[in-house]
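Subject: Structure handover

Hello,

Here is the structure I promised to pass on. Please open it first, then read the notes below.

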Amino acid sequence: ALLLPLAENAGARTLAEVKSLGAIVMCASPDALPYASEKPETPGFQIEIARAIAERLGVSLNLEWIVARPRPLVNCDMLFDIVNDPEVDAGGARLSRPYHKSGVALGLRRDAETISDFRQLKQGQKIGVMFESVASVVLGMADKTTSPYAFQSDMVEDLQKGELYGAAVSAASLSYYIFQHPDLGLRLINAFDGEPGLTWDVAVGLRKSDAALVDAVNEILEKLIADGTLTRIYAKYGVEHR
């Protein structure tokens, strides 16, 4: 989940101001598929959801690209995939209702046994984990065999080569990779459901907005979920809307 720093002194907008301006501003990365991208043909699910919200607000969507971090988001109304947790500092943003369950998933290589929970892994079945991550701690406490990595891309590469039995990776990123490479036979298992720190609900962060804008976005999200729009958007990137 992307949780970017928010500027406290910048001029965020209320619903009335958004309507008056005729636009709402979203901050996103230009190169972070499947989340967001500046490529017109594959903008990413965050941008497609933002466009759907803007359309139903009756305004246009303006994009502010965040290239370097940390950087204050001086002209940003919306951020996506903010962890919906009261203990997480959202930088002064109000949060919408949750719209998706995100987190870490277990990727398995082609010849792996079918399991539904990480506890079913057997000793010696080597699982790639990010160095000092929550997944490494959870799997270690369960006495599973792990191999630490500094980069998720290296982990996925070793998984496809068969050097790992499985890998604990971002569910969205792995889903998109499998979607792009169906011939590899990799599988994604939601094996960490219910584990604190490995699954979480995400919301829209509305920076220094008013209650009216939050209520309007919540109503729109309800409709986008009910009519299947969110499911269709995520599916375009191989991601299951949960």
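Glu 132 counts as exposed because its relative accessibility is 68%. Here exposed means over 50% relative accessible area, buried means under 20%, and partly exposed lies in between (1.4 Å probe, protein chains only). Phi of Glu 132 is near 60 degrees, a positive value in a residue other than glycine. Glu 132 sits in the loop between β8 and α3. Helices (H or I, at least four residues) and strands (E, at least two) are DSSP runs, numbered from the N terminus.

Two notes on the basis of all this. This is a predicted model, in which local features need pLDDT of at least 70, side-chain atom pairs count only at pLDDT 80 or more, and totals for chains, interfaces and linings use all residues. Residues are numbered from 1 along each chain as its sequence is written, and side-chain values use heavy atoms, with hydrogens and water left out.

**Overall**

The chain has seven helices and 12 strands. Of its 242 residues, 50% are buried. Contact means heavy atoms within 4.5 Å. Among contacts with a separation of 6 or more, 72% are between residues 24 or more positions apart.

**Other backbone points**

Most residues other than glycine have a negative phi, and most peptide bonds are trans. Asp 81 has a positive phi, near 60 degrees. Asp 81 belongs to strand β5. With 2% relative accessibility, Asp 81 counts as buried. The peptide bond between Leu 33 and Pro 34 is cis, with omega about 10 degrees. Pro 34 is in the loop between β2 (31-32) and β3 (36-37).

**Helix α3**

Which residues of α3 are buried? In this helix (residues 134-141), they are Ala 135, Ser 136, Val 138 and Leu 139. Seen down the axis of α3, they fall within an arc of 165 degrees, so they line one face of the helix. That arc is taken from the directions from the helix axis to the C-beta atoms. The cover over these buried residues includes β8 (127-130), β9 (146-149) and β10 (166-170). Just after α3, Asp 143 has a positive phi of about 65 degrees.

**Cores**

A nonpolar core is a set of buried Ala, Val, Leu, Ile, Met, Phe, Trp, Tyr and Cys residues joined through side-chain atoms within 4.5 Å. The largest has 37 residues. Those with the most contacts inside it are Ile 24, Ile 53, Leu 57, Met 78, Phe 80 and Tyr 99. Elements giving two or more residues to this core include β1 (23-28), β5 (78-83) and β12 (199-207). Helix α2 gives the most, with eight residues. Apart from this core lies another, of 18 residues, among them Val 104, Ile 127, Tyr 165 and Phe 192.

Beyond its neighbours within four places in sequence, Tyr 99 is in contact with residues including Ile 49, Phe 80, Asp 81, Leu 221 and Arg 242.

Six of the six residues of β1 are buried. Ala 23, Val 25 and Cys 27 are on one side of β1, and Ile 24, Met 26 and Ala 28 are on the other. Two strands pair if DSSP finds at least two bridges between them. β1 pairs with strand β4 (residues 60-65) in the parallel sense, over six bridges. Ala 23 has Ser 60 of β4 as its bridge partner.

β5 also has six of its six residues buried. β5 and β12 run antiparallel, joined by four bridges. Leu 79 has Gly 205 of β12 as its bridge partner.

On a 1 Å grid over the protein atoms alone, a cavity is a set of points where a 1.4 Å probe fits but cannot get out. A pocket is an open set with protein on both sides within 12 Å along at least five of seven lines, and lining residues have an atom within 4 Å of a point. Grid points are joined across faces, edges and corners, and a volume is the space filled by probe spheres set on the points.

There are two cavities of 30 Å³ or more.

Leu 33 and Pro 34 are among its lining residues. The largest share of that lining, five residues, comes from α4.

Best wishes
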